[in-house]
Amino acid sequence: MAKLAHAQWSSRMGFVLAAAGSAVGLGNIWRFSYMTGESGGAAFVLVYLACVALVGLPILVAEWMIGRRGQKNPINTMADLAKQNGKSPAWALIGASGVLAAFLILSFYSVIGGWSLNYTLGSIIGTFNGQDADSISELFGGMLASPTTLLLWHSAFMILVVGIVARGVTKGLESAARLMMPALIVLMLILVGYGVASGYFGEALAFMFRPDWSALTGGVVLAAMGQAFFTLSLGMGIMMAYGSYLGEDVNLISTARTVIILDTAIALLAGLAIFPIVFANGLGAGEGPGLIFVTLPLAFGNMAGGTILGLMFFLLLTFAALTSAISLLEPAVEMLEERTSLSRVMATLVSGIAVWLLGVAALLSFNVWSDVLLFGLNIFDFLDTFTSKVLLPLTGLGAIVFVAWCFKRESVEAELGLSATGISVWNIIARYVAPAGVVIVFVTGLI
């Protein structure tokens, strides 16, 4: 049953904060930091920035454009726009793929969000104080081995997410972003300030911004392009859903630039907060995914003021996880709310419970279901791999191709408000550059 009126953001700033909150997540703080460390630092960072501009921005604009033109959930929006533009109704599969991707991602993302909540409490009670490397590793391993512990924190995280999303667009998504995004930035700046005072900030700057081009391999370029694509919440139906709540007065390209600048700035600040701590404690920058949950707790537990710094860091990580998680739930909620007779609250509860159940399967893959494999991967890794290497690239590719090749020219011009030269540049990037980048990531990811 369709609702009488589609919700709207209360202001451009509310939308910017919500969209930036979606983009800013564990990918900026956890994934960006360890990938920078693993990929040689500055060479990776510079390629990442180029990929954000050439691939990320046009796809972000395309997804918002689709959402705003359709004013419905991603599936209905793609079906309606395909019909309006004389194209096959099969384009609705792009919307369905995005909704599915967000649903699947949240199921395992919530598990990691639960880790962050657990470590926030651990910082408060001094769990990491005075621990050596083996003890910290055992703490992390012990958490993964305990179904009860993982279930508790996964459930707590999902309760927070459902509680926020159930309140609606302005009272839930927008209000949470208005509170958590400024708090996240303040916490980040405090941690960067500590990095400046640590005496190792110069090393972090050099590591991140003085490129060693010998480190620039094909693998580094592809990793940077993949990170640029995924950090902006592209291909998940999120930006289509958020775009559907967007008024006609918002300039898509300038707003996309603002969101990308915020997203990228926070990723860079995360590196400038994390690497001084790593270098000050004689730890390795290329520690991989364990950088956040093993390496940094070791540092926090053995430095002056480490308890406070650790608390601030994991609180920051939790805020980042929440701002992304609420956006991941939104496409499924919007779909149920518009395609069924369920109220906003009930649509959120149904979606949240379904995500929680799949998350239980994901967390059990670390322990009692560790021998349950799908295509040679445990459930958690399968969900991660299938979404990141298949669903997201295909959905993002579908969105940019649909806008670039199927939208009527006058519709694109009306949405973007560009000059003739600007439209020509847009067409080159949207029709050729961005799709080529996505195809490269997709094909390479499957090899």
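Residue I353 has its place in helix α15, which covers residues 344-364, where helices (H or I, at least four residues) and strands (E, at least two) are DSSP runs numbered from the N terminus. With a relative accessible area of 48%, I353 is partly exposed; buried means under 20% relative accessible area, exposed means over 50%, and partly exposed lies in between, using a 1.4 Å probe and protein chains only. This is a predicted model, in which local features need pLDDT of at least 70 and side-chain atom pairs count only at pLDDT 80 or more, while totals for chains, interfaces and linings use all residues. Residues are numbered from 1 along each chain as its sequence is written, and side-chain values use heavy atoms, with hydrogens and water left out.

## The nonpolar core

The largest nonpolar core holds 164 residues, and F293 and F313 are the members that touch the most others. Such a core is a set of buried Ala, Val, Leu, Ile, Met, Phe, Trp, Tyr and Cys residues joined through side-chain atoms within 4.5 Å. Helix α14, residues 306-339, gives the most to this core, with 18 residues. Leaving out residues up to four places away in sequence, F293 touches W30, I112, W115, S116, Y119, I136, F140, F314 and L317, where contact means heavy atoms within 4.5 Å.

L322 lies in helix α14 and is buried, with a relative accessible area of 6%. When residues up to four places away in sequence are not counted, L322 touches F157, L160, V161 and M180. From C-alpha to C-alpha, L322 and N427 are 35 Å apart in space, and they are 105 residues apart in sequence.

Helix α1 (residues 12-23) has twelve residues and reaches 16 Å from its first C-alpha to its last, which is close to the 16 Å expected at 1.5 Å a residue; the expected span is 1.5 Å times one less than the number of residues. Ten of the twelve residues of α1 are buried, so this helix is largely enclosed by the rest of the structure. Among the buried residues of α1 are G14, F15, V16 and L17.

Where does T258 have its place? T258 is found in helix α12, and at 29% relative accessibility it counts as partly exposed. Apart from its neighbours within four places in sequence, T258 is in contact with R12 and V16. T258 and V220 are 38 residues apart in sequence and 26 Å apart in space, C-alpha to C-alpha. T264 also has its place in helix α12, which covers residues 252-280, but T264 is buried, with a relative accessible area of 9%. Residues up to four places away in sequence aside, T264 touches Y48, L49 and V52.

## Salt bridges

Side chains of opposite charge can pair when their charged atoms come close. A salt bridge is a side-chain nitrogen of Lys or Arg within 4 Å of a carboxyl oxygen of Asp or Glu, and by this rule the count comes to six salt bridges. The table gives some of them.

| Pair | Closest N to O distance |
|---|---|
| R68 and E415 | 2.7 Å |
| R69 and E415 | 3.4 Å |

R344 counts as buried at 12% relative accessibility, and E337 counts as buried at 17%. Salt bridges that share partners join R68, R69 and E415 into one network.

In the salt bridge of R68 with E415, the closest N and O atoms are 2.7 Å apart. R68 lies in helix α3 (residues 42-70) and E415 in helix α17 (residues 409-416), so the pair ties together parts that are 347 residues apart in sequence. Both R68 and E415 are buried. As R69 lies in helix α3 and E415 in helix α17, that pair ties together parts that are 346 residues apart in sequence. E415 has a relative accessible area of 5%, whereas R69 is partly exposed, with a relative accessible area of 34%.
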